[in-house]
Amino acid sequence: MKNVIIVGGGAAGFFAAIACAEAAPQARVNILERGPEFLQKVRISGGGRCNVTHHCFDPRELTKRYPRGERELISPYHRFQAEDTVRWFESRGVKLKVEPDGRMFPTTDRSQTIIDCLLNSARKAGVQLIPNCAVNSVTRSGTAFEISTSRNETLRADKLILAIGGARTPALASLATSLGHTLEPGVPSLFTFHIEVPWVKRLAGLSVPEAEASIPTTHLRERGPILFTHWGLSGPCILRLSAWGARELAALDYKFTLRINWLGRTEDQLRSALDSLARANPAKQITNTPLAPLPSRLWTELLTVAKIQPDTRWSSLPRTSLQSLLRTLTATELPVSGKSLNKDEFVTCGGVRLSEVNFKTMESKLVPGLYFAGELLDIDGITGGFNFQAAWTTGWIAGNAIAESL
């Protein structure tokens with residue numbers, strides 16, 4: 001009986017194991033997980049709801065959400081993409097729902113639903129689940145692999161899948177390098193910005209529905225909701241900006257100027273909107289008539305930044321003050337002094353060099369019988385379910401490719 005070992009009990013590892021075991025029931029398929037529990041990242045993702053995938057069913061469009069891996073994922077996504085993920089889970093009794101921003105969650109809003117589905121599917125397919133089993137080293141032995149574990153035993157595998165997550169853990173990533181692979185340096189992706197500006201911190205908990213953020217010294221620019229936090233700014237717009245700029249911002253040591261257009265509109269569009277607001281409310285104080293959809297508390301703070309007195313009325317607003325307000329609304333500049341990892345998605349930019357992997361099978365081009373799946377690859381997506389989709393797809397392809405080769 002052929003022995004298949006998957007190192008890593010996360011999303012990619014489980015999808016690979018289930019795909020392989022279902023397609024090749026004659027094989028012995030094992031998942032080795034160094035911790036006591038499986039699928040821990042699935043458990044905490046999406047605030048405990050699990051953002052399974054994204055409602056984007058066009059493979060080409062789907063790949064555009066990946067700062068690293070866009071070109072390599074085109075072929076895999078033509079074979080197994082978000083729509084296939086939805087069908088996979090629904091065929092096992094788990095229905096997904098779409099939120100307005102395109103993110104897809106189980107209808108139960110509980111990540112445990114996804115965990116139970118994966119655990120049950122794996123057990124039903126005959127996958128052996130081995131917790132508390134860290135891998136110390138892997139060596140080639142003829143056409144097979146010898147795997148030394150923390151249980152003081154050596155396991156033999158005819159086929160090996162490394163699905164150990166991001167390359168930020170050197171001991172785990174070294175399994176790939178010990179077999180001859182190259183790792184692109186790991187740096188954080190999907191992080192929030194530290195901004196030590198008092199008025200920003202005063203707005204903690206407030207959100208802006210559609211803003212545009214950019215970093216003037218770079219090409220980086222993103223649109224979407226922004227969330228004020230106790231340490232600075234977060235939300236989809238900021239997280240996407242951090243993903244696309246992962247390497248550039250690391251090179252800047254996370255110290256740079258952030259420019260925000262709070263409504264994502266041009267200066268001319270805003271001038272027209274403010275003129276309309278002034279004509280409709282000439283006798284009202286500007287502070288009491290915020291420009292929709294800006295929250296009133298943010299509007300008040302932006303008026304202060306623009307040096308407009310709180311008791312100023314629209315009818316008496318000088319043209320110079322109007323111009324200052326326009327500049328503030330379209331180009332507020334804030335000093336970023338650091339970062340915090342997004343708690344929902346611990347994503348790393350970096351990993352196994354993509355040119356060393358055959359994306360038709362996820363097999364190593366350097367080591368026959370060795371496969372990769374998930375975040376260990378130098379692939380990462382923006383926030384919204386894209387990183388899980390890459391895990392499902394690469395795991396499914398690796399598992400099926402192994403089954404066909406046995």
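Let's start at threonine 312, which is buried at a relative accessible area of 15% (buried means under 20%, exposed over 50% and partly exposed in between, with a 1.4 Å probe and protein chains only). This is a predicted model, in which local features need pLDDT of at least 70 and side-chain atom pairs count only at pLDDT 80 or more, while totals for chains, interfaces and linings use all residues. Residues are numbered from 1 along each chain as its sequence is written, and side-chain values use heavy atoms, leaving out hydrogens and water.

Threonine 312 sits in the loop between helix 12 (296–305) and helix 13 (319–331); helices (H or I, at least four residues) and strands (E, at least two) are DSSP runs, numbered from the N terminus. Its side chain reaches the backbone oxygen of glutamine 309 at 2.9 Å. Leaving aside residues up to four places away in sequence, threonine 312 touches Lys284, Gln285, Ile286 and Leu317, where a contact means heavy atoms within 4.5 Å.

## The chain as a whole

The protein chain has 14 helices and 22 strands, and its C-alpha atoms fill a box of roughly 85 × 40 × 35 Å along the principal axes. Of its 406 residues, 56% count as buried. Among contacts between residues at least 6 apart in sequence, 73% join residues at least 24 apart.

The chain exposes about 17,000 Å², with carbon and sulfur atoms supplying 50% of it; accessible areas come from the Shrake-Rupley method with a 1.4 Å probe, and for residues only the protein chains shown count as cover. There are 47 positive and 38 negative side chains, and the centres of the two sets lie 2 Å apart. Here Lys and Arg count as positive and Asp and Glu as negative, with His and the chain ends not counted; each charge is placed at NZ of Lys, CZ of Arg, CG of Asp or CD of Glu.

Which residues of helix 2 are buried? In this helix (residues 40–48) they are Val42, Ser45 and Gly46. They cover an arc of only 55° around the axis, so they are on the same side of helix 2; the arc is that of the directions from the helix axis to the C-beta atoms. Their cover includes helix 1 (11–23), strand 5 (103–106), helix 6 (111–124) and helix 14 (386–405).

Leucine 39 lies in the loop between strand 2 (28–32) and helix 2. This residue is buried, at a relative accessible area of 2%, and its phi is near 60°, a positive value in a residue other than glycine. Just after helix 2, cysteine 50 also takes a positive phi, of about 70°.

## Helix 5

In helix 5 (residues 82–90), the buried residues are Ala82, Thr85, Val86, Trp88 and Phe89. Seen down the axis, they fall within an arc of 160°, so they line one face of the helix. At the start of helix 5, a side-chain oxygen of glutamine 81 comes to within 2.9 Å of the backbone nitrogen of glutamate 83.

Asparagine 132 belongs to the loop between strand 6 (128–130) and strand 7 (135–141). Although not a glycine, asparagine 132 has a positive phi of about 50°, and it is partly exposed, with a relative accessible area of 43%.

Where is proline 293 found? It is in the loop between helix 11 (267–280) and helix 12. A cis peptide bond joins alanine 292 and proline 293, with omega about 5°.

Technical notes:
Polar contact = N/O pair within 3.5 Å; in protein donor to acceptor, adjacent residues only side chain to side chain.
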